[in-house]
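Please read the following report alongside the sequence and the 3D view.

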Amino acid sequence: MTSGKHMSLAALNLTWIESFLAVAEHGSMTAAATALHLTQPRISAHIASLEGQLGVALFEREARGSRLTSLGAVLRTHAVAATAELRRGLDELAAAQNTLRGQVRVGSYPGASAVLIAPVLERFRVQYPEVDVTLVEGDSHPIATALSEGQLDWALLAADVPIEDDGLVLEPLCREKVVLIRPASSGPQRSPTRELEHLRDSHVIVTGYPSQQITDYMDRLRAAGVTAGRVSVMAMPTTIVALVRAGMGVGVLGAFAASVATDARTIVVDLPTDVWQRDVLIARRQGQPEIPSCEEFIRMLRSELQSLTVGLAV
């Protein structure tokens with residue numbers, strides 16, 4: 001791009017930007033193509049056209065995918081904000097033409113409620129004031145049970161908690177990071193691989209219920225080659241962070257919860273390998289009739305997803 005000149009927005013194609021953001025989010029052309037229901041050559045062509053128009057390289061092509069360049073990271077920040085604002089405008093336009101009524105009863109696990117549900121709920125209530133929205137929060141097992149029994153219309157579940165219910169339909173929403181939390185007083189942040197040393201022979205504190213989630217976290221630790229001295233399970237992420245601040249151990253929990261529970265006295269560390277990530281699922285009852293207000297809430301959630309999960313999702 002020529003220095004000192006502004007490029008006309010007419011020179012840019014919104015589909016190029018959508019493909020660019022998808023590659024940045026998913027880490028490869030192939031994964032982006034799957035997410036957007038396009039072919040890999042089409043995604044590649046979009047990126048090439050965008051780079052050609054801008055005159056800069058947005059990605060570094062690697063053997064296992066594509067990584068943003070420094071200039072690509074700059075564009076991503078603004079593109080996420082711009083597309084989110086455009087989607088908000090389209091939503092408001094649609095809301096001006098249609099009035100939804102009724103009830104939305106949604107369940108969610110801690111962390112996802114704060115990062116995913118609450119921001120969308122705020123805007124949904126403004127646009128659809130005649131819809132009564134109820135949020136029920138809890139561990140994925142009781143939430144799944146409430147959904148099966150008809151007490152909820154849909155829910156967000158963490159896939160690392162096995163849900164054995166053939167009456168539920170599960171579809172992927174995003175992939176949340178699982179992060180390490182330690183006291184800031186224990187030293188400056190190091191490489192993710194070296195940060196794993198904080199888990200070795202330590203008291204590791206995880207979220208969930210002892211009978212349901214501790215096995216999953218033990219499996220993760222074993223897969224990472226880490227032997228913890230002791231593992232404790234706490235129901236609330238805020239309790240984990242409080243114990244970590246008190247020097248009682250090292251925490252392992254979802255990045256959504258960590259983003260709202262931690263402060264300057266703690267360090268949040270992304271851990272290496274895909275062992276430290278989990279799928280977030282949208283769950284509905286099998287054969288449940290479509291509820292327009294629920295579908296609109298989910299549509300709004302999907303449209304906001306990229307901006308809500310920057311740095312928190314894989």
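Ser 66 has its place in strand β2, which covers residues 65-68; helices (H or I, at least four residues) and strands (E, at least two) are DSSP runs numbered from the N terminus. The model is a predicted one, in which local features need pLDDT of at least 70 and side-chain atom pairs count only at pLDDT 80 or more, while totals for chains, interfaces and linings use all residues. Residues are numbered from 1 along each chain as its sequence is written, and side-chain values use heavy atoms, with hydrogens and water left out.

With a relative accessibility of 11%, Ser 66 counts as buried, where buried means under 20% relative accessible area, exposed means over 50%, and partly exposed lies in between (1.4 Å probe, protein chains only). When residues up to four places away in sequence are not counted, Ser 66 touches Val 23, Gly 27, Ser 28, Met 29, Phe 59, Glu 60 and Arg 61, contact being defined as heavy atoms within 4.5 Å.

Helix α1 (residues 14-26) and helix α3 (residues 40-54) have axes that come within 9 Å and cross at roughly 110 degrees. That angle makes α1 roughly perpendicular to α3. Axes here are lines fitted to C-alpha atoms, for helices over the stretch in contact, and angles run from 0 to 180 degrees between N-to-C directions; those under 35 degrees count as roughly parallel, over 145 as roughly antiparallel, 65 to 115 as roughly perpendicular and the rest as oblique. On the α1 side the contact is made by Thr 15, Trp 16, Ile 17, Ser 19, Phe 20 and Val 23, and on the α3 side by Ile 43, His 46, Ile 47, Ser 49, Leu 50 and Gln 53. Sorted by class, this contact of α1 with α3 has seven nonpolar, five polar and no charged residues, with Ala, Val, Leu, Ile, Met, Phe, Trp, Tyr, Cys and Pro counted as nonpolar, Asp, Glu, Lys and Arg as charged, and the others, Gly among them, as polar.

α2 and α3 also pack at an angle of about 110 degrees, with their axes 8 Å apart, and α2 and α3 are therefore roughly perpendicular to each other. The contact is made by Met 29, Thr 30, Ala 32, Ala 33 and Leu 36 of α2, together with Gln 40, Ile 43, Ser 44 and Ile 47 of α3. The residues of this contact of α2 with α3 divide into six nonpolar, three polar and no charged.

## The loop residue His 37

His 37 lies in the loop between α2 (29-36) and α3. Although His 37 is not a glycine, it has a positive phi of about 60 degrees, and at 73% relative accessibility this residue counts as exposed.

## Aromatic pairs

A pair of aromatic rings is described by the distance of the centres and the angle of the planes. A search of the whole structure finds four aromatic pairs, where rings of Phe, Tyr and Trp (its six-membered ring) pair if their centres lie within 6.5 Å, and planes under 30 degrees apart count as stacked, over 60 as edge-to-face and the rest as tilted. The rings of Phe 20 and Phe 59 have centres 5.5 Å apart and planes at 55 degrees, so this pair is tilted. Because Phe 20 lies in helix α1 and Phe 59 in strand β1 (residues 59-62), the pair ties together parts that are 39 residues apart in sequence. Both Phe 20 and Phe 59 are buried.

The rings of Phe 124 and Tyr 128 have centres 5.0 Å apart and planes at 50 degrees, so that pair is tilted. Phe 124 is buried, as is Tyr 128, and ring pairs link Phe 124, Tyr 128, Trp 154 and Phe 297 into a cluster.

## Cysteines

With a disulfide defined as a pair of cysteine sulfur atoms within 2.5 Å, the count comes to zero disulfides. The cysteine sulfur closest to that of Cys 174 is in Cys 294, at 19 Å, which is too far for a bond. Cys 174 is buried, with a relative accessible area of 10%, and Cys 294 is buried, with a relative accessible area of 3%.
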